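Dear colleague,

I am handing over the structure we spoke about, and below it you will find my notes on what was found in it. Please read them with the coordinates open beside you.

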Amino acid sequence: MGFTRREFLKAGIAGAVLAASGLYLWRRLVRPRWLEKTFIAKVSGYQADFASVILAGLRELGIAPEVIKGKRILLKPNLVEANPGKIHINTHPLVVRGAAEAFLKSGASQVLVAEGTAHCRDTLRMFEESGLSDVLWEDRIPFIDLNYQDGYALPNAGRFSRLTSLTFPATLRQVDLIVSLAKLKTHHWAGITLSMKNLFGVMPGSYYGWPKNVLHYAGIDAAILDINATLRPHLAIVDGIVGMEGDGPIMGDPKPVGALVMGRNLPAVDATCARVMKIDPYRVNYLRQSETCLGPIHEAQIIQVGETIASVATEFKLLEKIPAQRELRL
Amino acid sequence: MSDSFVSYSVKKLRQRALGKGGFANADNSSYRCDATAWAILALVAAGEDHDNELLSLARTRLAASQLSDGRVSLSPEHPEIYWPTPLAILAWHQSPAHQARLSQAANFLLQNSGRHWQTQPEFAVKLDNTLKGWPWVDGNSSWVAPTALAIIALKTAGYGNQPRVSEAQRMLLDRECLHGGWNYGNKLVFGVEIRPMPEDTGIALDALQDSTAKSSLKRSLAYLKSAVKSLQTPIALAWSLLGLGAWGERPAAAPAMLSECLKRQDRYGVYDTTCLSLLILAARSSGGLEKIFNPDPVLPKG
C-alpha cells in the first residue's frame, strides 16, 4: 500500500493546519495562563543599601523566607573583563555583596560567589582586578572559579542546539539556589546580555574553551536557551544602575539607568530589562524563542511590581554596524 | 627561589597523587589528565624526578587517557576535548617507556588543526583564519593558548622543524594585538581593538621563543613587563614569568612575586594542582616552559 501524491499533499496540509491550530490554541489558552512577576527598584547609585533593596524585591516577588532559609545559594555575577574605573562592564561588587547580605539575612546557610570567565583563563585575576575580591573578603564570602572544576553532564533539556548534553561544574550540584546576578548590557553577538546570557559563565572553560567556542558553534541563541532549560536557575537580579550601550559586552559605553530588576523567571526578567532599554524583546532571537517553553515575555503576562518600566526606561544606543543590534528598537 | 616555597608546593601536589597513579586537580577529587601532566612537569622541575614510581605511575595513568588516534582527551566522555594532548607530550618527554605514546600524540597534533577558512573583508572579526593552529575542542576554531601549548610541546619533543609548527607561530604573530600582547585570539572585532591579557601574552611569547627577532616583539614585551608588576594570581603570574623568561626579560623580583602569590591562598584556599604546578615551573625555569628539561645551572634545584 502506498500513498499517492494527492494523498500525501492532503496529509501534509492537514498536518500543517493541525499544527497551526495547536499554536493558536496554545497562544490563546495556555500562554495567557503563564504569569510571572518582575520587580524594579530605582537605585540612584552604587552607595545604596543593596541588601535592603534586594530584600524588598524578594518580598515583593512573594519569595517566602522558607525558600531561602537553610539553603545554599550560588550568586553568579557577570565578570567579563576588568578595566579600572569602568563600572559598566561587570556586575558591581557592591551589588554582589548586597545580594550576599540579603540572602544571609534571610537565613541562607551559605552564600558562594562563582564565575567561569569566558575570555580570561585566570578567573582569580578578574576577581581581583574587578575589585570584587576585596569587597567579598570583608565578609569572608567565598569565591569559586568554575572554569577548572570537574564537570558533570546532564542531557540537554532544551534541544534548541545540536548539543546532546551540557557539562556543568561540580559546585552547581552542591547548591540549592542559583541566582543569575547579571548586568544590563547590549551585546555584539546576541543583541543584549542579561540574566540568561550571563549563565554562559557557569560553563567550565576546561570543557568549552576560552572563549566558550563550543557554544558559539552550537549557536549562541540556542546555547542560551539550552543552558537555561537544563540548569533551571531560580532567580535573576540585574544590575542596571549603570548599564552598557553600544558595542557590548565589554567595549561599549556607560549608560546610567538607576534600576535594579529582579524576578524568578529569567525570560520575564530579560524581557522587562529589554523594555527598560527600549528594546523589543520579540526582536531578540533568544527571548522570542524563550516564550515557547521557558517563560513569558509578553507584557500582559508579566506582573510588574515596584517601579514601572516607563519610570526607568531609557533608550540604549544600538549600532548599525552590528547585525545583532539592527532593528531591535521597541 | 626559596626552597620552602617549592617544598610546600611539592608536598601539596603529592597529597593529590592517586593510588592508581595520576593526580587530582583539587583535594578529595578524582583523576584529571591535565592536572596529572602539569604535576609531572612540576615534579620534574622541582628535582623530584628521582621518584620514579610516582612519576612512572602518573605517566602510565596519562597513557590510559590516550585514544587510538593519539589524542589525549580531558575525559573518556569527551573525546573531542583534546587540548591536554600537548601537556601529555611534555609529561612523557624524556621518559623512554613512553616515547611511542609521545610520537602518537605528536602525530595526532601534526595531522589535526582547528577549523579554518578564508575570511572575507566584511567579516566582523579581523584575522587571517587560513593560518592553522590548534583548538581547545575538536571542530572549533584555533585559539592562542592551545596553539602556543602545542608549539611548545612539539618543539620540546623534537618536532620544531615541522611546517605545522612554523605555520602555527605565524598564526600567533597574526593574533598579536595591535598595540602589543595577546588575548585569547581576537584582536579586532567590529573595528574595535580587543585588549591583551598577561596569561595569553606569556604563553604566546614562550611559544615564539627563537622563532622571530626580539625587536619584532618589542611592544608585547613592553606590555607584559608592565603588566606583570601588579599580578598576584597564579595562572597570569606564572605564564608572564615564563614568557618574559623565554626572552631573557624575567624580572629580578620574580621570587618575591611568586611568594606573594602563594600567600593569597590565605584568601582563596589551597590552589588547585594546575596552579601550584605552574608556580613551581615559573619558580624553577629561568626561561620558558621547555627550559625545565635543560635547567639553568644558576637556579638551584630542590
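I begin with a helix pair in chain B, where Pro198(B), Glu199(B), Thr201(B), Gly202(B), Ile203(B), Leu205(B) and Asp206(B) of H8(B) meet Ile235(B), Ala236(B), Trp239(B), Ser240(B), Leu242(B), Gly243(B) and Ala246(B) of H10(B). Sorted by class, the residues of this contact comprise eight nonpolar, four polar and two charged. Please keep in mind throughout that this is a predicted model. Helix H8, residues 198-207 of chain B, packs on H10(B) at an angle of about 30 degrees, with 7 Å between their axes; because angles under 35 degrees count as roughly parallel, H8(B) is roughly parallel to H10(B). Their crossing is left-handed.

A second pair in chain B is formed by helix H1 (residues 3-15) and helix H13 (residues 273-284), which pack at an angle of about 150 degrees with their axes 10 Å apart, and since the cut-off for this class is over 145 degrees, H1(B) and H13(B) are roughly antiparallel to each other. The crossing of H1(B) and H13(B) is left-handed. On the H1(B) side the contact is made by Phe5(B), Val6(B), Ser9(B), Val10(B), Lys12(B) and Leu13(B), and on the H13(B) side by Thr273(B), Leu276(B), Ser277(B), Leu279(B), Ile280(B) and Ala283(B). Of these residues, eight are nonpolar, three polar and one charged.

Leu262(B) counts as buried, because it has 21 C-beta neighbours inside 10 Å. From Tyr184(B), by contrast, Leu262(B) is 78 residues apart in sequence and 25 Å apart in space, C-alpha to C-alpha.

Turning to how the chains meet, 30 residues of chain B are in contact with 24 residues of chain A. On the chain B side, helix H10 (234-246) and helix H12 (265-268) each supply at least two of the residues that touch chain A, and by class this side has 14 nonpolar, 11 polar and five charged residues.

Chain A itself is assigned two domains, domain 1 (1-33) and domain 2 (36-325), whose centres, taken over C-alpha atoms, are separated by 38 Å.

The peptide bond from Trp210(A) to Pro211(A) is cis, with omega near 0 degrees, and Pro211(A) sits in the loop between helix H7 (205-208) and helix H8 (213-218) of chain A. Another cis peptide bond joins Gly248(A) to Pro249(A), with omega about 15 degrees; Pro249(A) belongs to the loop between strand E9 (235-245) and strand E10 (253-263) of chain A. Arg232(A), although not a glycine, has a positive phi of about 55 degrees; Arg232(A) is found in the loop between helix H9 (220-231) and E9 of chain A, and is exposed, with 11 other C-beta atoms within 10 Å. Lys278(A), likewise not a glycine, has a positive phi of about 60 degrees; Lys278(A) lies in the loop between helix H10 (266-276) and helix H11 (285-290) of chain A, and is partly exposed, with 15 other C-beta atoms within 10 Å.

Definitions and conventions. Residues are numbered from 1 along each chain as its sequence is written. Chains are lettered from A and ligands numbered from 1 in the order in which they are written. This is a predicted model: local features need pLDDT of at least 70, side-chain atom pairs count only at pLDDT 80 or more; totals for chains, interfaces and linings use all residues. Domain bounds come from an automatic or database domain assignment. Two residues are in contact if their C-beta atoms, placed from the backbone, lie within 7 Å. Helices (H or I, at least four residues) and strands (E, at least two) are DSSP runs, numbered from the N terminus. Ala, Val, Leu, Ile, Met, Phe, Trp, Tyr, Cys and Pro count as nonpolar, Asp, Glu, Lys and Arg as charged, and the others, Gly among them, as polar. Axes are lines fitted to C-alpha atoms, for helices over the stretch in contact, and angles run from 0 to 180 degrees between N-to-C directions. Angles under 35 degrees count as roughly parallel, over 145 as roughly antiparallel, 65 to 115 as roughly perpendicular and the rest as oblique. A crossing is left-handed if the near helix is turned anticlockwise from the far one by less than a right angle, and right-handed if clockwise. A residue is buried if 20 or more other C-beta atoms lie within 10 Å of its own, exposed if 12 or fewer, and partly exposed in between; C-beta atoms are placed from the backbone.
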